[in-house]
Amino acid sequence: MSTLSGVPRPDGPRWLNPSTWHLRTRLVLVAMALLVAICGAIGLFSYASMDSFLTRQLDDRLSQQSRLSTAFGRPPSGNPTGRPDPLDAKGQGVGTLSARILGSAVSSAGFIDSDGTRATLSAEDKQVLLELPRDNRPADRTLSNGDYRLVATETPYGDVIVTGLPLADKQSTEASLVWTMVFVSLGGLVLIGLAGTVIIRRTMRPLEQLSEVATKVSRLPLDAGEVALAVRVPAKAAHPGTEVGSVGHALNLMLNNVSNALEARQQSETKVRQFVADASHELRTPLTAIRGYTELLRMTETFTDDGRKSLARVQSQSERMTALVEDLLLLARLDEGQPLKLAEVDLTQLVIETVSDEKVMAPEHVWQLNLPDEPVTVRGDAKQLHQVLANLLSNARKHTEAGTTVVTGVMLSADGSAVVTVTDNGPGIPAEFQGRIFSRFARADAARSGSEGTSGLGLSIVESIVHAHGGSVEVTSRPGRTEFALRLPVAKADGGPRQ
């Protein structure tokens, strides 16, 4: 027994809605990235401008303080060695640093502490002061009590006056600016993100409507039967004045064209089915007359050997034509969807009876059964299901050599449906023919030897009857093994089919 695997029907382009969502997300992210770039550029420009302004302001104060310290520290008249300490000058703020360098030594150095008292510098700080360039240009240095803006000025009296102002106020102002920019930018990003999401969502709504329409159309069974293609893009999303509206308008035009084509196809199929049904009905009467007159001639007239052979040939061809007409009538009824004569059918007993009939017709084949211990019952049309089995067994008989083993089995699958298989160990069906084996008038006589010349309608009738019962039929074939598998819903206790 083979394990059947159903082929899932595609549900349509489900990527459309996720794609629309991804597009909306990308647009929001692009807008956010642009805003981040703009905020970053504004922040860098603002920081650079503020840093330049504060630095100029600090340098102006430092220049004034340096002049004050230099003027206060000059030696008094008549006493070249009695030089005052520049840090004792009035008007100096907290943190102001002052030092005098004579040669390679710092003679006096200190800064005004937060309590207004004088604090001394460490040896490391003095070494930093000694290494300052004496070009009267401000420079930033890190001392033991913080960062400073320092300037070293050579005086006419042979010494160097170093003056410094702390950078703490400037750094605090810049830090406040940075945090302000960060918080303002984050707040702006959040607001722009929310507003952008709402705006983009409203803008993308027409695309979502196009996606919904395309998805609905993709799920319609457009391959056969009467199809009502009434799905259209809403008018507000199909206005040619916008890009999305132009796409919606074009999609509606395409759907109108497809709908017209489907209606034309349906009308053509209806006419063909009606013609086949009418022609088959009309052919039944003359074929019956031909068969009747043939029997009458056989019984009442005397023929030569060639005459009897010719008469037998006429009778066999009329019977073959009658069978073809009956098949065409059955297909026409199935196409019209005529209701089935439903009743409970024991598939196990039906298989036994059908195989017994074939065994009588082809004793040269090996006929085997593979049946379950308990009966398998389905709800269906017993006559049509018998024809399905007869067609499959006849197909195996006609297209395989004598001595071929044909195994017919019945089982219940894991999903609870009934499965009937017809398997033979014949030469197999060509792979290129398997895809159209259930098409009407499809033949591959060269694929299997022993062909008796068939109409090509048998397997098409099998598929139509099985589909009318809510089931499916599959074929798998390779050299040495060909299997047709029918899957039918099992009858429930209340008499309805269990899907």
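Predicted model: local features only at pLDDT ≥ 70, side-chain atom pairs only at ≥ 80, totals over all residues.
Residues are numbered from 1 along each chain as its sequence is written, and side-chain values use heavy atoms, with hydrogens and water left out. Helices here are DSSP runs of H or I with at least four residues, strands are runs of E with at least two, and both are numbered from the N terminus.

W179 counts as exposed, at 53% relative accessibility; exposed means over 50% relative accessible area, buried under 20% and partly exposed in between, with a 1.4 Å probe and protein chains only. W179 also belongs to a nonpolar surface patch of about 590 Å², together with Y47, V178, V182, F183 and L186. Helix α3 (residues 168-218) gives the largest share of that patch, five residues.

Now for helix α9 (residues 458-468). Its buried residues are L459, S460, I461, V462, S464, I465 and V466. Among the elements that cover them are α5 (305-335), α7 (382-398), β12 (472-478) and β13 (481-488). After α9 comes G470, with a positive phi near 80°.

A positive phi turns up at N136 too, near 65°, and N136 is not a glycine. Most residues other than glycine have a negative phi. N136 sits in the loop between α2 (123-130) and β4 (139-143), and N136 is partly exposed, with a relative accessible area of 48%.

Methods
Contact = heavy atoms within 4.5 Å. Patch = residues over 30% accessible without salt bridge, like charges linked within 9 Å, V, L, I, M, F, W, Y side chains within 5 Å. Areas by Shrake-Rupley, 256 points an atom, 1.4 Å probe, with all protein chains shown as cover. Salt bridge = Lys/Arg side-chain N within 4 Å of Asp/Glu carboxyl O.
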